[in-house]
Amino acid sequence: MRKSLFNIAALLTGFRTTFGYFFAKQPTIAYPDVKKQHAPRFHGLHELRRYADGQERCIGCELCSIACPANAITVIGGENTPELRRSPGERGAASYEIDELRCIFCGMCEEACPTDAIVLTPRFEMADYRRSGFVYAKDRLLVPPEAGVGEAPNERPNGIPSDLGFVAKKKSTVDIQTGYSATHRGTILKTQRRGLAG
Ligand code: SF4
Ligand code: SF4
């Protein structure tokens, strides 16, 4: 009899924990319909900003690439000409790529940039089935002209932007047949035989 009472007490003690969680507020959310507010200084997907006149802020100086501890950025600078003026001054980025798989989202590129061109946004939805889909070139990094100039980190409202954006919506433009070879970075990596391409 005494042993049975002891077992019932043990059961009730165990169920106290179960029922405690049963009636507690659920920690899960109905993602993707509901998105969790993240930290104000969360580092997400990159964005290349423009000036108000539509010109690109990036001047192709490669400082971001040099500062990057993960070797994730490849910039190829190009001269501006009267026919092709990307940015103010003499040079702009003829090609700009970030391999988001290599990126550790440290923000060093943002810190190094003299023109506040490259910034890390709060966008985090970048899942893809292909490795090549994580190599973001200017077509996906650059703020489209109709979207304004892009927000500097200290101008952003906390949390998720209403526009999850151009970058998140548009998936890879890399041809699946050519894969990594279709990007400047892929070519460079193959040339250097680092074993990461393909
Ligand atoms: S956030 Fe850090 S790791 Fe990612 S591209 Fe910028 S400097 Fe490189
Ligand atoms: S993003 Fe900034 S640091 Fe990087 S190449 Fe352009 S101007 Fe230079």
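1. Let me begin with ligand 2. Around it sit 14 residues, and those that come nearest are Cys58, Cys61, Cys64, Cys113 and Ile118. "Around" here means that a residue's C-beta atom, placed from the backbone, lies within 6 Å of the molecule. By class, this shell holds eleven nonpolar, two polar and one charged residues. Nonpolar covers Ala, Val, Leu, Ile, Met, Phe, Trp, Tyr, Cys and Pro; charged covers Asp, Glu, Lys and Arg; the others, Gly among them, are polar.

2. A word on conventions: this is a predicted model, in which local features need pLDDT of at least 70 and side-chain atom pairs count only at pLDDT 80 or more, while totals for chains, interfaces and linings use all residues. Residues are numbered from 1 along each chain as its sequence is written, and chains are lettered from A and ligands numbered from 1 in the order in which they are written.

3. Ligand 1 has 15 residues around it, with Cys68, Cys103, Cys106, Met108 and Cys109 coming nearest. Its shell has 14 nonpolar residues, one polar residue and no charged ones.

4. Now the sheet, which is open and has three antiparallel strands in the order β2-β3-β5. Its edges are β2 (73–79) and β5 (135–136), each pairing on one side only. Strands are DSSP runs of E with at least two residues, helices are runs of H or I with at least four, and both are numbered from the N terminus; two strands pair if DSSP finds at least two bridges between them. Between β2 and β3 (residues 91–99) there are seven bridges, and Val75 has Tyr96 in β3 as its bridge partner.

5. Two backbone angles deserve a look. Most residues other than glycine have a negative phi. Phe105, in the loop between β3 and α3 (108–112), has a positive phi near 55 degrees. Asp116, in the loop between α3 and β4 (118–120), also has a positive phi, near 55 degrees.

6. Finally, confidence. Mean pLDDT (the predictor's confidence in each residue, from 0 to 100) is 77, and 74% of residues reach 70 or more. Residues 158–186 fall below 50, with 56 contacts beyond near neighbours in sequence; a contact means C-beta atoms, placed from the backbone, within 7 Å. Residues 192–198 are also below 50, with eight such contacts. Where pLDDT is low, the predicted coordinates should not be read in detail.

Terms used
Two residues are in contact if their C-beta atoms, placed from the backbone, lie within 7 Å.
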